[in-house]
Amino acid sequence: MKALLITWTIALAGCATADFNYLPKTTNISEPSLDSVNQSFVGDSMLRQGKYSEHEAILVENKVDIGISYDIYPGIFLKKGENQTTETFLPTGNEDSGIIKKSALSDPWKALIAYKNTNKLCVLTAYNITRCKENADFNRIKKPSISKDSFQQTLIYSGKIKEKINISYREFSNNLARPAFNNEVEYDLSESKIIGYKGAKIEVIEATNQYIKYRVLSNFNKANF
């Protein structure tokens with residue numbers, strides 16, 4: 001029995017290094033598309049523009065036991081780097097973060113290593129030794145990243161009273177609202193069916209106190225931030 005345990009432990013062990021060469025992808029958004037006809041209900045976004053970052057990650061669904069040495073608890077681990085065969089991940093450090101715990105006699109851990117195109121998941125120790133599980137329960141995901149590049153402008157429909165409609169303008173930076181840049185605007189449709197704010201222009205086709213139907217003529221001007 002002891003010989004079997006030693007053999008099994010050696011089979012799980014290997015050597016690897018952590019890679020730290022990953023940068024999250026920044027995506028520009030501008031929607032809906034120009035000249036499109038759309039419908040939004042009260043409280044819905046009518047128009048939005050900006051950019052945000054998405055960070056590749058893994059979501060551990062259920063506790064992963066790697067022998068008697070390490071336990072990986074459910075949560076998100078952010079990608080930090082990669083090479084041709086593996087990817088390096090670390091806990092997010094937030095409430096949604098996964099956790100790595102070691103047994104009393106095990107080496108300190110450095111990172112998680114996931115093999116590409118498989119569900120092989122390994123704990124990389126401080127001495128660049130890996131302890132692995134072949135079919136770990138995790139999924140690869142993309143997580144919105146809070147960064148200085150995250151920014152969004154949006155117009156929200158707030159309803160209609162007689163011939164006047166109310167539109168709310170909101171700005172978000174680093175996933176947080178910027179109160180100083182929020183505004184409520186009223187438009188009189190008896191004067192014009194085309195409304196505009198900060199470069200955005202919309203032709204109102206139909207408006208009620210429940211929804212608005214509109215055509216997008218232009219999106220926001222580029223913001224300085």
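Visitor: Why is phenylalanine 89 called buried?
Guide: Its relative accessible area is 1%. Buried means under 20%. So phenylalanine 89 qualifies as buried. Bear in mind that this is a predicted model.

Visitor: Where does phenylalanine 89 sit in the chain's secondary structure?
Guide: Phenylalanine 89 lies in strand β8. That strand covers residues 86–91 and has the highest mean pLDDT among the elements, 97.

Visitor: What does phenylalanine 89 touch, beyond residues up to four places away in sequence?
Guide: The partners are Ala57, Ile58, Phe77, Leu78, Lys79, Lys80, Ala111, Leu112 and Ala114. A contact needs heavy atoms within 4.5 Å. Phenylalanine 20 is another residue to look at: its C-alpha atom is 9.2 Å from that of phenylalanine 89, and the two are 69 residues apart along the chain.

Visitor: Which element has the lowest mean pLDDT?
Guide: Helix α1, residues 2–12, with a mean of 40. Over residues 1–11 the pLDDT is below 50, and this stretch has two contacts beyond near neighbours in sequence. Where pLDDT is low, predicted coordinates should not be read in detail. For the protein as a whole, the average is 86, and 86% of the residues score at least 70.

Visitor: How do you know that cysteine 122 and cysteine 132 form a disulfide?
Guide: Their sulfur atoms are 2.1 Å apart. The cut-off is 2.5 Å. The pair therefore counts as a disulfide. The structure holds one such link.

Visitor: Which strands hold the two cysteines, cysteine 122 and cysteine 132?
Guide: Cysteine 122 is in β11 (residues 121–125), and cysteine 132 is in β12 (residues 129–133). They are ten residues apart. Both cysteine 122 and cysteine 132 are buried.

Visitor: What is the handedness of the link between cysteine 122 and cysteine 132?
Guide: It is right-handed, with 105 degrees about the S-S bond.

Visitor: What makes a set of residues the largest nonpolar core here, and how many residues has it?
Guide: A core is made of buried nonpolar residues joined through side-chain atoms within 4.5 Å. The largest such set has 20 residues. Leu155, Ile165, Ile167 and Ile212 have the most contacts inside it.

Visitor: Which strands supply at least two residues of this core?
Guide: They are β4 (45–60), β14 (151–161), β15 (164–173), β17 (183–188), β18 (194–197), β19 (200–207) and β20 (211–218). Strand β19 gives the most, with four residues.

Visitor: What is isoleucine 167 in contact with, leaving aside neighbours within four places in sequence?
Guide: Its contacts are Met46, Leu155, Ile156, Tyr157, Ser158, Asn183, Glu184, Val185, Tyr187 and Ile195. Another core lies apart from the largest one. That other core has 15 residues, including Ile58, Phe77, Ile100 and Leu121.

Visitor: Why is β14 described as largely enclosed?
Guide: Eight of its eleven residues are buried, so the rest of the structure largely encloses β14.

Visitor: How do you know that β14 pairs with β15?
Guide: Nine bridges connect β14 and β15. Pairing needs at least two. Isoleucine 156 stands opposite serine 168 in β15. Two residues lie between the strands of this hairpin, and lysine 162 takes a positive phi near 55 degrees there.

Visitor: How many bridges join β4 to β14?
Guide: Six, and the strands run antiparallel. Arginine 48 stands opposite threonine 154 in β14.

Visitor: What makes β3 and β18 edge strands?
Guide: Their sheet is open, with the antiparallel order β3-β20-β19-β18. β3 (37–41) and β18 each have a single partner strand, so one side of each has no neighbour in the sheet. The twist averages 35 degrees from one strand to the next. Five bridges pair β3 with β20. Valine 37 stands opposite arginine 215 in β20.

Visitor: What is the strand order of the open sheet with three strands?
Guide: The order is β5-β6-β9, paired antiparallel. β5 (64–66) and β9 (99–102) are the edges, pairing on one side only. Neighbouring strands here are turned by 15 degrees on average, direction ignored.

Visitor: How do you know that β6 pairs with β9?
Guide: Four bridges join β6 (residues 70–73) to β9. At least two are needed. The pair therefore passes. Isoleucine 72 has isoleucine 100 as its bridge partner in β9.

Terms used. Residues are numbered from 1 along each chain as its sequence is written. This is a predicted model: local features need pLDDT of at least 70, side-chain atom pairs count only at pLDDT 80 or more; totals for chains, interfaces and linings use all residues. Side-chain values use heavy atoms; hydrogens and water are left out. pLDDT is the predictor's confidence in each residue, from 0 to 100. Buried means under 20% relative accessible area, exposed over 50%, partly exposed in between (1.4 Å probe, protein chains only). Axes are lines fitted to C-alpha atoms, for helices over the stretch in contact, and angles run from 0 to 180 degrees between N-to-C directions.
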